[in-house]
Structure formats: C-alpha cells, structure tokens
Amino acid sequence: MRVVLVGDIHKEFLSMIDFLSMAKSNFGVQAAIQVGDFGFFENDFFGDLYFPIPVYAIDGNHEDHEWLHRCVNDGSVQRWQDAHNLIYQPRGSVVRMGSSNIGFIGGALHVDREQESNLGSGITNYIQRTQSEMALRNFTANHLDLIVSHSCPSGIGIGMKSNALFASTVAQYLEKSGFTASPQNDCGEAELKFLWDSLNQRENQTPPHWVFGHFHVFHKAMIGQTQFIC
C-alpha cells in the first residue's frame, strides 16, 4: 500500500486536494497521513470538499480543540469519512494500513500564547500524561512500524532548533505555567520523550520510523534504530 505523508496544511484544503489528486494519478498513492495543524476549525471546515484518497489526520496545536472534542463526542468525526474521505485519529490510536501498524498521537504545547486547558472536560492543545500512557499501552500492544505525532520528543538528539524569538514566550507560557521547557537546540514535547523513553525500555518496541511536523522544515535524524523525519 502506497501512502503519502503530508505536513502542516493550516486549512489549505483545496491545495491539498490538488496535491493528493496528482499523487494518486501519477504515483498510485492510496492514502494520506497528515501530521497535525490540519485546520480543525468549525467556521472554516469543509462544506462539500472531498479528498480523492482517504486522509488520516491528527490534531496539532493550531486547531479548535473544543469544537473537535464536541465532534468526537457527538459522532461527527465518524461521518467525516463518508462525507469528506477524512479519518480523524485521536491521541493514542492505532491503525493497520496495508501490512503496517501505525500509531498516532497529536497535540503540542503553544510557545507563543497561553495553553488551552480545560482539564474538567479533558480538552487541551498539549498531550496529557494520561494520553501518553494510553498511547504507550496501545502502541506496545500492536508493535508499531510507524509513529505519527505533531511535534517530536524533546532532548533525545533529534536536533530541532527552537527559534530564539520564542525565548521570552517560552518562559512566559511554559515555565511560568509549570511546564518543562525543552532544550533550545533539541526541542520538542516532554510527553513524547516520556513515550519514547518508555518504548525503549521494552524489548523490540522502538518503531523503525517516526514522522512529525510542527516545525515547518525538513529534517532527518537517526536515533538508535528509529529514523525521525520532520
């Protein structure tokens, strides 16, 4: 099964349809995986748009998480598959695509504004520990070939550089709010580091591939037996 991986599109749905149509006709691509910051906003969402191949999408940090949460609860996301050829993958979910098991975990911290946090309803833009623990259980039960996340694990050597312009806002919106700031020269998510470290402690559980977006640059790093690609 041939799958194309798509970075942050930020509501550029028509451009994505054009790209996927080309990928389908020219390269025989059968499905797409999108790595978050898709554009889950009620006022901008879809109308009669229909993707030419199934799109498996996670949430990023630039989404309307309150609205997305309501769509999960009222069953709207299940209807998106027929209406739009879109399959939303919640944090910690696993899908079998062809001969591969793929694990999904969306969400990321804001570094430029206050976090969205409604712990009473469980709605946050960032990954909660209960979600990374659930992902760990699901991922180890299915022996993954690929993990798809919005950001990457922090401080494990991937080498994603934080923009120096965010230094003051990181202090304001992460550290002062009780979050652990990641290294500026190897930034990412602490909860994904927890997931990565936990997988490494289990025999034969580190995936051969881990794909993410969020940083809007192309980057590759080989960490142990896993190739990380932004």
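Select strand S10 (residues 209-211) and strand S12: the two run parallel and are joined by three bridges. Strands here are DSSP runs of E with at least two residues, helices are runs of H or I with at least four, and both are numbered from the N terminus. Two strands count as paired if DSSP finds at least two bridges between them. Now pick Trp-210, which stands opposite Phe-228 in S12.

This is a predicted model, in which local features need pLDDT of at least 70 and side-chain atom pairs count only at pLDDT 80 or more, while totals for chains, interfaces and linings use all residues. Residues are numbered from 1 along each chain as its sequence is written, and side-chain values use heavy atoms, with hydrogens and water left out.

Ile-223 has Thr-226 in S12 as its bridge partner. Two residues lie between the strands of this hairpin, where Gly-224 takes a positive phi near 60°.

Buried means under 20% relative accessible area, exposed over 50%, and partly exposed in between (1.4 Å probe, protein chains only). In a regular strand, side chains alternate between the two faces of the sheet.

Move to helix H2 (residues 65-73), where His-65, Trp-67, Leu-68 and Cys-71 are buried. Seen down the axis of H2, the buried residues fall within an arc of 160° , so they line one face of the helix; the arc is that of the directions from the helix axis to the C-beta atoms. Last, select Gly-75, which follows H2 and has a positive phi, near 85°.
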